[in-house]
Each structure stands twice: as C-alpha cells, then as structure tokens.
Amino acid sequence: MSVKAAKHAVVGTRPWRVGGVDKVTGSARYSVDVMLPGMLYGKIKRSPHPHARIVSIDTSKALAHEGVKAVLTVDNVPRVLHAGAPAPRIESLVKDQYIFDEKVRYVGDGVAAVAAVSEEIADEALDLIEVEYELLPAVYDIEEAMRPDAPRIHDSEGNLVMPPIEIEQGDVEQAFSEAHLILENTYSTGRPAHCYLEPNICVCQFGQGGNLKVWTSTQNVFMVRGILSEVLDIPVNKIQIIMEHMGGGFGGKQDLYQHEFVCALLAKKTGRPVKMEYTREECFLGGKTRHPVKIYLKHGVRKDGTLIAREMRYTSNSGAYASHGPGITAVGCYDGTSLFKCDNQKIEGRSIYTNNPVAGAFRGYGAVQAFFALDTQMDEMSVALGLDPVDFRIKNVLGEGDLAVSGHRLATSGLESCLRRGAAEIGWYERHAKQSAKEGTIRRGWGVGVQMHPSGAYPSIKEQSNAIIKMNEDGTVHLLTGVSDLGTGAQTAMAQIAAEELGIAYEDVQVVAGDTDVVPFDIGAYSSRTTFVGGGAVQEAAAHLKSRLLTLAAEKLGVESDILDLRGGTIFVKGSAQKATIKEIVQGAGGAPLRSLVGEATYEPEVAYSYGAHFAEVEVDTETGHINVIQIVAVHEIGRAINPAGVEGQIEGGLQQGIGHTLTEDLIIDRETGKTLNANFVDYKMPLALDMPKIKIIILEEEPGVGGPFGAKGIGEDPILAIGQAIGNAVSDAVGFRFRNIPITPEKVLETLAAGL
Amino acid sequence: MRRIEYFAPETVDEAVALLGRYGESVSILAGGTDLLVEIKHKVRTPDQLVNIKKIAGLVGLTYKQSAGLRIGALTTVRAVETSQVIQEKYAGLAQAAQALGSVQIRNRATVAGNICRASPSADIPPPLMADDATVRIYGPDGERVIALENFFTGPGQTVLNTDEILIEIIVPNPLPGTGKVYLKHGRRKAMELATVGAAVSLTLEEDICIRARVVLGAVAPTPIRVHEVEDVLQGIFIDEKVIGDAARIAMKVARPISDVRSSAEYRLQITEIITKRAITQALALAKTA
Amino acid sequence: MPKQIMQMMVNGEAYEVAVEPSWMLLDVLRKELGLTGTKKGCDVGDCGACTVIMDGKAVNSCLILCVEADGAQILTVEGLAAQTEGDSALHPLQKSFLDHGAVQCGFCTPGMLMTAKVLLDENPHPSEDEVRSAMAGNICRCTGYVKIVDAVMAVGTD
C-alpha cells in the first residue's frame, strides 16, 4: 500500500489543537496558575562564586524575619546523590548532584532555600542568610579544565565527566594514506539557552492522606515522580505529579532542578503548599544550556569525491554538573559516524566539567554540534574538490540499504530525496546567476545542510510508551496517554491517531494526560519520540479497543466479527444493509454501558529515521558584518504528517531557534568572575517576529516509519539539525571565507573579512 | 518587588516638595519602563516613589511654526512616534521613538524619562540634541532652561538636582531645506539597546550646507555632539569624499567601551559606517525638503 | 505602608481591591482577581507575555504598579471574546489563531492576542511588515511567529 495514496479521515487534517480553546481564552491552567489556600512562596539563594567551599551558613536572621516559615540548607536536607536526569536509568548517567552540597560549582548554584508568606518576604529572607565561602580557583575552558593540575570540580582527574567514548571502524590510518585530499579543522559551537517562555515552576502540597502532590512544568512526569521517590524516600504510589499545560521545554525541562526537591521539603516542613517560580534570570542561571562543543574533524576523500576516512574528537563543555553530558557526547559521536558514509572512522568523545552554568538536554541533543562540524567540512571539501555542494552530499549521504546508527538499514534514500527537492525549490543550480557581481557592500550567499534523526531514543534507551482507551456509553472515548505535550501538539496527534484507528470523529476523543495517578507510564517527551512511540502505543490501544468493540458488536448483531467494518462511528456488516452506531452497540438498558470496554497497549518499538535538508539564502552587509537571512527552504521526509499544521509549527519554531543559535544567541560567561553577563531577554538575543526570514516548508511522505502510527515518524528535533550549517555555509559562500564557529556574530564577520583581505 | 512608599501628587509643587523631603531615597515614577526594571533587578533601591502622572499640564504635544515643538514631560514615546507633525518636521525624533523598545514599552515610556535616565545609549537624546532642543526644569527655586546638549554629565547622570523635575522639552522650528535622520545600530530589528546611535541634521541652502548637527549615542559616557564632524560639513558642498572624511573623524572622536553587547573596536567600526550612512540619508532628505 | 484601596474596570466588571503599592498590575490580576490568563514570562517588559490593554493601549502589566491603574479600563484575554459582536464564543482573532495552528505551548498566546487586537483596532488592514513590527515586543519560542502572523493577517484582510 502506497502511503501517499492512502486517504484518512482524521490523520492528515488540521483540527483545532487539543486544549487550544483553553489557551486562547486564558483558561488553560499552567502550574504557576495553581493557587492553593495557605500557599507559601519559596526561593533559592544562589552562589555568587563560581567555585567555593561553604564554610558556614547562618540562617538565624532569616528564620527570625517576619513571614518566613522555613529555611533549608545542606544541613537539613537529605544527602542523596542523584543525576537529576531521566528514568529509565541508562548507563551513561552520572550521579553527581546533591540537593544542596558543601561546595558550590558555578555562579547560580543553589545553597539555601526559604518559604515565606510572600515572594517579597522570601526575597528579603534570602539576603538575611549569611554564607561564608572559601573561594577555590575556577576554570571555564575545556582545555584548562582538562589539564591534570586543573582545579577539581568533582573528583575526576582532568575533570572528565565520564570515561571517554571511543569508536573505531575499519582502518583509519591506512585510509588516510590513500586519500587524494585530506582536510582537517576545528569547529566550535556556542552556549544557547532554551528560553522557554514559561519560567521553571513547581508547586508542592502534602495533602489528603499525606500524599505528595506536585504541579510542575516538566517533560517527564514519571521521571519526576521516580526521582522524588528515590531521593525523598517516599513510595511511588504516594506521589502524584500533575502537568496539565506547560509553556515550552525544548529539553530544558527534562531534568529535575534543585527546586522540585526543595519545594517538596519546604511543603513537608511547613505543612503548607509551597510554590517556587524561577525568575527569568534564574531560568538562565539555574536552568540548563546547550553544551558548547569543540570538534576536531579530519576527513580523507578520494578524487571522485567519496569519503574514505574520518577522524573526530568531540569535546563537550558540561558546566558544573554532568546532567546530559554523557548522553549528548555519545549521541554526537555516534551520529557523527553516520549521516555521511565512511568506512574508516576513529571518533573520540569527552565531556568536561567546568565552573560554568550547567549544560543539559536541548533539542538536537549533541547532534546539532556534530552535524554542524561535519556538514561545514563537507562544504569545505566540495569547494576544495570543485564539486557542487549538493551533489557532493548526495554522493556521500546514507541511502537505501545503508546502516543507520541503530543498526537498521534505511528503507529509502530519503536524504537524497530531500536534497534534490530542496535544491529544485530554491533554484540551487541557478543561484549564482542571481548573484550580482561580488562587489558592493552587500553580498549574497547560499548554503545547504542535511540531517537525519531517529524517532525515539532506541537503542540507548529501551523505548516504551503505554496507552489506555476507555469507551463511554455514548460512543465517545477517553484516551489516557503517558505522552507529555510541551506545546508540540503531541496530544492532538494522539487524538487524531485514536480517532482514525477507531473510525470515530476527532471531537469524540477526550485526551487525559499529565497526571501520574491516572495515565500509564511513559518515559518522557524528548528524542522526537512522542508521535512514533507514543502514537504507536495509542494506535495499538485503539486497535485493541476496536477489536473488543467488534466482538461485542458481532454478539449483538449475530454475525461473525470478521465481516464487520467500523467507520464514521458506525459499524457496518459487509455485504448487508445491517449496521449500528457505536452507541447502539455499547449502550445497554437505561443508558448504562453494556460492559467495560477498554483497549490498552504497551509499545516497545525499535526506531525509524526522519530526514531533512535545509537551504538558506543570506545577505551579508560587509560594512557592519550584519547577516540577514532572506529565505529558507526546509524539506522534511517524515513518513506521514499526522497533523500538517503541527508539523509545520515544529519546523518553523525549530528554525527560529536554529537561526538564533547560529547568529545571535550565546550566553556570555565572564572569565574572571564566572558571572553570566546576559541573563535577560534584551542581551540574550532571540529572533523576534521582525527578524524571521521567508520560510518555505516541504513535507515529504515517501518512507513510512515501520512501526509508526499510519507510517508517521518524528519531527521534533529535525528542524534544528541542519539549519546551522545551511546558514553558516551560506555566509561563507557570501563573503568567500569560511566560518567554523557559531554563533557567527557581525564582529566575527568583520574580523574574518579584515584578516582575509 | 521591594516594598516602597508611594505618592501621587497632583501639582508640580507637591512633587518637588516630596523630592526635597526624601532626597536620595526617592525616585520619580513616570513611564516606569526603566525605573521598575532597575528596582526589580536591585540596581536601584528607592524607598519612596513619586508618581508624577497625575500632575496636570505635563502631557501634550504642540507645534507652532513660530514657537516650534513643545513636548510635555509626560508625553509618551508612542505619541511622539505617531505624531504626524513630528514625522514631517522632526523625522529623526520620530525614528528614534519608533526604534525604542516595543509598542508596549512606548505606550508607557515618556520622552522626558528617556532623557532623565541619561543612559549613554538612549535613543531620544541624540535627535533632540541635533535639533538644538532645550529643556525646562522646575524646582523649589522656580524654573530654569538648559540646552539639552548641556544636560548630561555622565552615564546615568544629569544636571538635575534631586528635587527638580524636567517638565517640558522645546525644539525650535526646523529651517527650510533641513533633512533629519536617526540611525540605530543593533543586532536585532527591535527590543534593542543601541550599540551605536547617530542623529544627523543637515540644512542646505542652494546646495551648500549651512547648518550641520551630528550627535552620537552609545559611544561615550553621554550622547555627544561631534563638533569636529560638523565643522567639516558646514559651509561646503557635501560629496562622497567629504562624507567619508567626516565619518572617519567621527570614529576618531568616539570613545566607546566594551560591554556584553559589543566590543569597543566593533563600536568604532560601526561609528564610521553609521555616521556615513546617516549623513548620506540626511543629505538626500535635505535636498528634497 | 498600609494597603491602598483602588478601583479599576477589568473586562467590563468593576473591581475594588486593597493593594500594596509595590504590587504589579500583573500580579494583582492573576492573584487577587483570579485572572490567570495573563502570563509572567520575564517580569521586566522584555517578552510581552503579560500584555493587557489599558485604556485602549497595549502595555506590559509587569511594569505597571497596580496603584497606577486606579480608575483605568483594562481588557485581558479573558475578556476578549465578549468584545465580539454577535453570539460567538470566540473573538475572530482567537478563532483565527486556532484555525491557523498559531498556538503551540500557548504561553505567549494571550499577550499576542492583546497586541494583535490593539493593532487591528488602530490599523484594520495592516501589511505583513506592520504586523511583525507591532508584535516585536511579544516573544514566541515555539512557533517561529509564522502562523501567528498568518492568523493576524487573516483577520486583517476580512
């Protein structure tokens, strides 16, 4: 069955988003909107020093301040080591965080917390806590931190977060010796922040029966529950995590922060609900960033343009704690072996502690950095060989039958398809005809980037999602899904999938999500998994419900269930005029349901891959160095778009972030004091509505995801994985000099031009 | 936000008396778009706020050819941005107003507030200085009038005493044949603090420049009138070479700092470019004025 | 300092509230009046999530002391639908946002809607540039602004 030809009633349409009406009318409840009687406000005191031992903390004045109800420090919180990062536990997790420790390791590290009757009083109380620090020397650079004599931030020599990752394939030395051309360079990426619009928030209440109830903005309700259970020593069934709506995450809300623990402990201590809301500045300081990465990359290529050897050393700057350092470094390294075929490879990966704010999970998870380096060097090679950049990529990208990182063989040459389609759309082969002569102060350039990404975290994480669907007596259903919707539209897609599978209307599916007491387990929203894995579970649960429904219908109608068809809310008997609505089948006498009809599924798939190619056209003002992105063509092959508006929205949003990361976004840490200098929205510069280019999106549905609902694959991270190099390559094309570091600021442009002339 | 005592006087004298009583611990609240941010960031820690928005007679934009433009202290930046007469006759000021913050900010921020805050990178002062604006100041001893270019004494510092209020800005009627421009350089197209700002006003009489004003923002502790550049432009026919020379002089005169937004070196390079572009645009406007 | 009693009209209803002078309009709307639709994204006027319409103008409610709003007429997102003529449960802008898929996480949405409403009140048929300019003070991290601009333009061309 050709996926393209299949027509669906609900899948592939653009209904109003689940929860959309609530969001536009202001009635959608986010965690910060929870107001409870007697609620206190919690705040965290943060270290002004990048590296110090805490000699003493005096909380007496704070405790005596009117309106203060509790103060926590290292002396009165549980001392349990944790990683703050997701369950299920994977090997690469490094446990190096305590709720509060006797050391601080970056400017912003939390040292104490208070609960008070108002935010103003909590703030005043923070100033009354007296902390005596013994300053320790600090390091911010990877190279400095790796030296054997560098100050140890945790307990490892050279500040290694985990043992280095080493990957070898084939014979790299031999292959380099045979290469016609060898290119080597170092690339680096900056320190962008997530800047989700909803600041980190947590509300904790020990309520009925002494159970802990937590409202929090998280991508991972079950992870929060599991880690709170472990660290606070509370059984899982006594903790309830609720996340109705959240204002964005992008990976930044994939870990626990100090404040979930602290909030729960303050609620316990005071016997009152406690709300802890980060200020925007705290989101920068106490939140997470992307890992800045330095990549040494060397390729050997044959005269005909085939890659034969690759050497890469990937070193990520983890900041003060491990968080996702091991994970992103592994992904960066393994994804670095893929995308462009190469039989002989030697890859090394390291993650290094420094006294910077903590780097964590961020959309693109280590592959953003790896692909930037790879795809920039691909451009450099194409220039050196005199080959067209798109043709050179087509020649070397993975194609049908090639092995992906997961060990699966690709079913189509989706990468080539995306490249060809995008090149046609933007007029790639005719681009230089549009270029006025390279004089004048404004130069125009074009660039391409390509990417692939798995729909899920397999094989690093054992994939699992679960769904339960309950049939109601009027033919509508409740869908209980573990899938988290950070704003991505995941719940809408789940509803569409369920409706399609059950042959009922989209409006007849009521999604229940975000409450760990009610919904079945899911490992969280990350790794572009919600449509493929979450949706797969929903489809299977719906299929299960459908089969039970048809069995009941067969009984009631006196026929065999295999001649029954279900569509449009009606059950048809094939080859007969006999039919009945779902309601007529499930409802018994007196309007009660005939029996309990529930479908459920546990889905543990492997993985599928989505592909994409981005083409960027830019203008560079060679007097000011300012870069203007004129247009972007984004081609994505995703198997099946469950909701095209949702897919487009993910791509458009990912492009905004990618443009920001490549041109204007960088958290600047002062190398003397360790202070973050631009922890606000004016000096940390995200693209605004005025800064966005013209965007053309092409969605291809050519390679159904095997095991994906209706062939759908993921899209969440794909949009940010090719745009950086597309823009970087376009800027390089415009000015004639290569840029290997992002963000490409106007100052770097002018410096490069000056150096080159 | 920190707890404060709040006053909302209805006359200027009441306001001035409050300022006198509380001295260093009181701040004037007009638009609040800068003050309240500073209080929240604990950069400023007043114990009292005097809201001057209830004082009658401080709002208002009037223009008369004979008297020029009079801007009441409480006039919002948005009112200045959208004023037809300002767009026509004081285009640099209109551009500066439009470049400030966002619509939401401009609906509250006052022109006087932007001046009194005296940030080195403020947008409103340069075009006003290029237009030879003066400001009326009211205090316990009555009024005084000061040329805006003499108003600033350092970053965040002005000639205002703690018990004085700026109540009006007066801008002379432009001469015929005048072209005015304010260019703001920043990394984004809005919500920016200028890395460099340049206001230029040129008056042509039969192709000769009879009056030139060039004011730079964000490249010195205060906005600066660059007399050295004005001297090069005045009394001659301005061509591309003159503009180039003028721009290079501007770069030599500027003394920017490095900060999180930009390095000093980059600001100097931009000073030259922005000055060149501002003069070029003002010249074109003057030719058609 | 003792609390002050002040009056304001919010979404057509008269309110009398006792507030401390240091309380922001945003926090009073959310906590005292229970109108939690208006959001706090940065608390310093940089993101526009707190945008409300005060006396006909779009303003950042995080930068207005509640006492400054004494006597003011305020419209928040909860009052937007009632501004529509006829019997619709949703304002054309709200409907357009849903039709166009302009809502993702939804945190910026109330602010975007209020800014858009004032824009269209003042300029019923804006160009795309004018829309983007007017929305420059509203940050979105999810949508790339594309569908938000489309949604506003669609109402503008009606």
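## Chain B: overall form

Chain B contains eleven helices and 14 strands; helices (H or I, at least four residues) and strands (E, at least two) are DSSP runs, numbered from the N terminus. The radius of gyration of chain B is 19 Å, close to the 19 Å that the globule rule gives for 289 residues, so chain B is as compact as a globular protein of that length. The radius of gyration is taken over C-alpha atoms, and the globule rule is 2.2 Å times the number of residues to the power 0.38. Along the principal axes, the C-alpha atoms of chain B fill a box of roughly 60 × 45 × 35 Å.

This is a predicted model, in which local features need pLDDT of at least 70, side-chain atom pairs count only at pLDDT 80 or more, and totals for chains, interfaces and linings use all residues. Residues are numbered from 1 along each chain as its sequence is written, while chains are lettered from A and ligands numbered from 1 in the order in which they are written.

Of the 289 residues of chain B, 58% count as buried. A residue is buried if 20 or more other C-beta atoms lie within 10 Å of its own, exposed if 12 or fewer, and partly exposed in between, with C-beta atoms placed from the backbone. Among contacts in chain B between residues at least 6 apart in sequence, 65% join residues at least 24 apart. Two residues are in contact if their C-beta atoms, placed from the backbone, lie within 7 Å.

Chain B touches chain A through 17 residues, which are in contact with 15 residues of chain A. Helix 11 (residues 264-288) of chain B gives the most to the chain B side, with four residues. By class, that side has eight nonpolar, three polar and six charged residues. Here Ala, Val, Leu, Ile, Met, Phe, Trp, Tyr, Cys and Pro count as nonpolar, Asp, Glu, Lys and Arg as charged, and the others, Gly among them, as polar.

The contact between chain A and chain C takes 44 residues from chain A and 42 residues from chain C. Helix 1 (20-25) and helix 17 (644-663) of chain A each supply at least two residues of the chain A side. The largest share, seven residues, comes from helix 17 of chain A. This side of chain A has 20 nonpolar, 16 polar and eight charged residues.

## Domains of chain C and chain A

Chain C is divided into domain 1 (4-79) and domain 2 (84-156); domain bounds come from an automatic or database domain assignment. The centres of these two domains of chain C, taken over C-alpha atoms, are separated by 20 Å. Their contact takes 14 residues from domain 1 of chain C and twelve residues from domain 2 of chain C. Strand 3 (51-54) and strand 4 (57-60) of chain C each supply at least two residues of the domain 1 side, and the largest share, three residues, comes from strand 3 of chain C.

Chain A is assigned domain 1 (38-136 + 199-247 + 253-285), domain 2 (140-190 + 289-399), domain 3 (416-455 + 609-757) and domain 4 (459-603). The C-alpha centres of domain 1 and domain 2 of chain A lie 35 Å apart. In this pair, 18 residues of domain 1 of chain A are in contact with 20 residues of domain 2 of chain A.

## The largest nonpolar core

A nonpolar core is a set of buried Ala, Val, Leu, Ile, Met, Phe, Trp, Tyr and Cys residues joined through C-beta atoms within 7 Å. The largest one has 401 residues, of which A:V114, A:L479, A:A498 and A:F615 touch the most other members. Helix 15 (residues 530-557) of chain A gives the largest share of this core, eleven residues. Leaving aside neighbours within four places in sequence, A:L479 is in contact with residues including A:A467, A:M494, A:A498 and A:V538.

## Strand pairing in chain A

Two strands pair if DSSP finds at least two bridges between them. Strand 2 (residues 52-58) of chain A runs antiparallel to strand 6 (residues 130-135) of chain A, with six bridges joining them; A:A52 stands opposite A:L135.

Strand 20 (residues 564-567) and strand 21 (residues 570-573) of chain A are antiparallel and joined by four bridges. The hairpin of these strands has two residues between the strands, and A:G568 takes a positive phi near 60°.
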